[in-house]
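Please open the model in a viewer and keep the selection tool at hand.

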Amino acid sequence: MWYDESDKGAANLSKPSLWAIPLGGLGEFGMNMMALRSGDDILVIDAGMMFPESELLGVDVVIPDTTYLKQNRAAVRAIVLTHGHEDHIGALPYILRDLNVPVYGTQFTLALVRKRLEEHGLLDKVDLREVKTGGRVTIGPFEVEFIAVTHSTIDCAALAVRTPLGVIIHTGDYKMDPTPIDGARFDLHAFARYGQAGVLALFSDSTNVERPGYTPSERAVWTRIEELCRAAPRKVVISCFASSIQRIQQIVDIAAAVGRKIGFVGRSMVQNVEIAHTLGRMRIPDGMVIRPQDIRTFDPQKAVVLCSGSQAEPMSSLSRVAVDNHRLLSVDPEDTVILSARIIPGNEKAIFRMLDHMFRRRALVYYDNSGGTLHVSGHASQEEQKLVLNLVKPRYFIPVHGEYRQLFRHAALAQHVGVVSGEVLLLEDGHPIEFTEDGAYRREPVAAGRVCVDSGSLEEIEEVVIRDRQHLAEDGIVVPIIAIDKHTGRMESRPEMVTRGFLPTEDGSELIASSRDVILRTIEQSNAEEKTDWSVIKEKIRVDLKRHIKKQTSKRPLILPVILEL
Ligand SMILES: [Zn+2]
Ligand SMILES: [Zn+2]
């Protein structure tokens with residue numbers, strides 16, 4: 001049975017074998033990472049991060065636990081990247097700090113990595129090696145081919161890894177877009193070629209396994225967005241992921257088609273457009289771009305503005321625009337606001353609260369696919385997943401990238417397709433599988449889990465590794481409590497400060513007093529709309545207090561603002 005959890009054989013060290021060790025992304029969305037091991041050589045595929053869930057208060061970033069790699073550091077040869085999304089590259093700055101190995105990826109992927117490393121002051125220390133899609137590279141006993149695939153960003157690859165025991169195919173994230181905007185096609189032929197020659201194991205993206213049919217082409221959003229831009233009485237503000245270069249390209253083209261010019265707002269949006277444009281991966285006609293400082297005064301009937309922050313991340317541009325607290329951009333009555341992005345589960349509350357602000361400003365707001373397609377997914381639906389299975393015909397199939405139910409359903413789908421000659425294996429983070437000439441065997445689990453970077457968590461404390469506990473133990477916790485009148489947005493009393501395990505100076509009362517002043521200042525400097533939005537206020541207080549306390553004490557306690565509604 002494919003869901004059999006039992007161990008079926010003893011390790012045999014003399015025969016050649018290949019281990020696959022999932023370290024992230026099997027059992028959760030994000031922080032994708034997998035290690036392949038052949039003898040004393042380890043190849044790591046992707047090093048992703050995950051944005052913390054709302055219950056992980058005060059945590060900035062979540063990355064996979066890499067204890068296994070550190071324990072075997074002499075064996076780790078390289079990290080190979082499938083594409084440039086945060087859930088595939090975001091953990092690199094944290095991991096490379098301690099485990100400095102060469103990183104392989106495509107041009108655009110590495111450009112995004114470079115930007116990340118620069119922010120962390122690591123750029124000079126890391127060995128980045130570019131590979132073109134269709135290209136091959138030899139790393140220890142592994143030969144890796146980068147196979148071009150289509151997805152919601154550009155320059156994406158699946159990996160075919162030739163190992164001493166056979167070929168492993170890892171799809172990365174993909175969908176099969178037969179009409180990609182940039183003309184970079186999904187290389188069906190490569191998949192077929194490997195399938196024909198024989199593939200030991202296929203690891204495939206499970207994200208959209210619950211969707212029947214095919215995922216529409218990226219082009220599907222053109223009609224509706226063009227329609228809305230043509231009909232817009234005033235300026236159009238569109239938000240999408242800053243990494244969706246093909247979406248951004250289409251919006252630039254639509255703006256040109258309807259006789260408008262385009263502005264870019266948001267750090268990640270501006271940076272990614274710059275990178276893609278510099279690499280020749282985006283076409284922007286001359287004279288098309290509105291300078292940031294001119295956006296406010298530009299004829300609103302002639303403007304389309306692309307703005308990052310589609311998930312209402314607390315301090316993102318769109319969130320700030322929504323509460324009228326952005327230097328470059330405002331949303332005014334009759335403006336059109338389009339959310340051209342998925343509402344990621346978990347972000348609904350924040351996104352709808354942000355959109356409510358837009359509605360209050362009497363903007364015309366569009367955010368779902370009910371009146372025509374505003375967004376398409378970058379992940380394969382069932383029929384595409386079946387097609388990949390049919391092309392590759394692997395001996396073993398292992399679903400990756402998804403929560404357990406999605407992995408389970410992808411496994412069931414593979415059973416149904418019936419082309420897997422050996423076994424369909426359901427793995428989770430930290431559960432290695434060993435392939436030998438006679439079969440595939442589950443092995444003793446290795447350390448795996450989530451590492452919260454920068455701060456710790458309260459509810460998930462069991463999962464937080466020792467480093468974070470030490471961090472918490474050394475630097476303590478600060479809980480500012482602010483009582484706000486729900487209707488007026490006014491503070492009812494001076495903020496309270498509760499601290500534990502945090503002894504700043506000889507006399508802590510001085511720091512408490514100055515911290516209160518910081519909170520008061522932060523609240524005073526927020527406008528009325530921000531004051532009614534707890535998540536914005538909390539994040540602002542957290543950021544400001546963190547800076548203040550770090551400056552005063554060089555400590556970084558966990559800061560958990562609590563706002564009491566009265
Ligand atoms: Zn992904
Ligand atoms: Zn992706």
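Predicted model: local features only at pLDDT ≥ 70, side-chain atom pairs only at ≥ 80, totals over all residues.

**The chain as a whole**

Residues are numbered from 1 along each chain as its sequence is written, chains are lettered from A and ligands numbered from 1 in the order in which they are written, and side-chain values use heavy atoms, with hydrogens and water left out.

Switch to a cartoon to view 16 helices and 26 strands; these are DSSP runs, helices being H or I of at least four residues and strands E of at least two, numbered from the N terminus. The radius of gyration is 25 Å, close to the 24 Å of the globule rule for 566 residues, so the chain is as compact as a globular protein of that length. That radius is taken over C-alpha atoms, and the rule is 2.2 Å times the number of residues to the power 0.38. Along the principal axes, the C-alpha atoms fill a box of roughly 70 × 65 × 45 Å.

**Ser-204**

Select Ser-204 in strand β12 (residues 201-205). Is this residue buried or exposed? Ser-204 is buried, at 1% relative accessibility. Next, show its contacts (heavy atoms within 4.5 Å). Beyond neighbours within four places in sequence, Ser-204 is in contact with residues including Thr-171, Tyr-174, Phe-397 and His-410.

**Arg-443**

Move to the loop between β21 (440-442) and β22 (450-453), where Arg-443 is found. Arg-443 has a relative accessible area of 11% and is buried. Display side chains here: those of Arg-443 and Glu-434 are joined by a polar contact of 2.7 Å. Such a contact is a pair of N or O atoms within 3.5 Å; within protein, one must be able to donate a hydrogen and the other to accept it, and residues adjacent in sequence count only if both atoms are side-chain atoms.

**Gly-134**

Finally, select Gly-134, in the loop between β7 (128-130) and β8 (136-139). Gly-134 is partly exposed, at 45% relative accessibility. Setting aside residues up to four places away in sequence, Gly-134 touches Glu-145 and Phe-146.

Technical notes:
Buried < 20%, exposed > 50% of the residue type's maximum accessible area, 1.4 Å probe, protein only.
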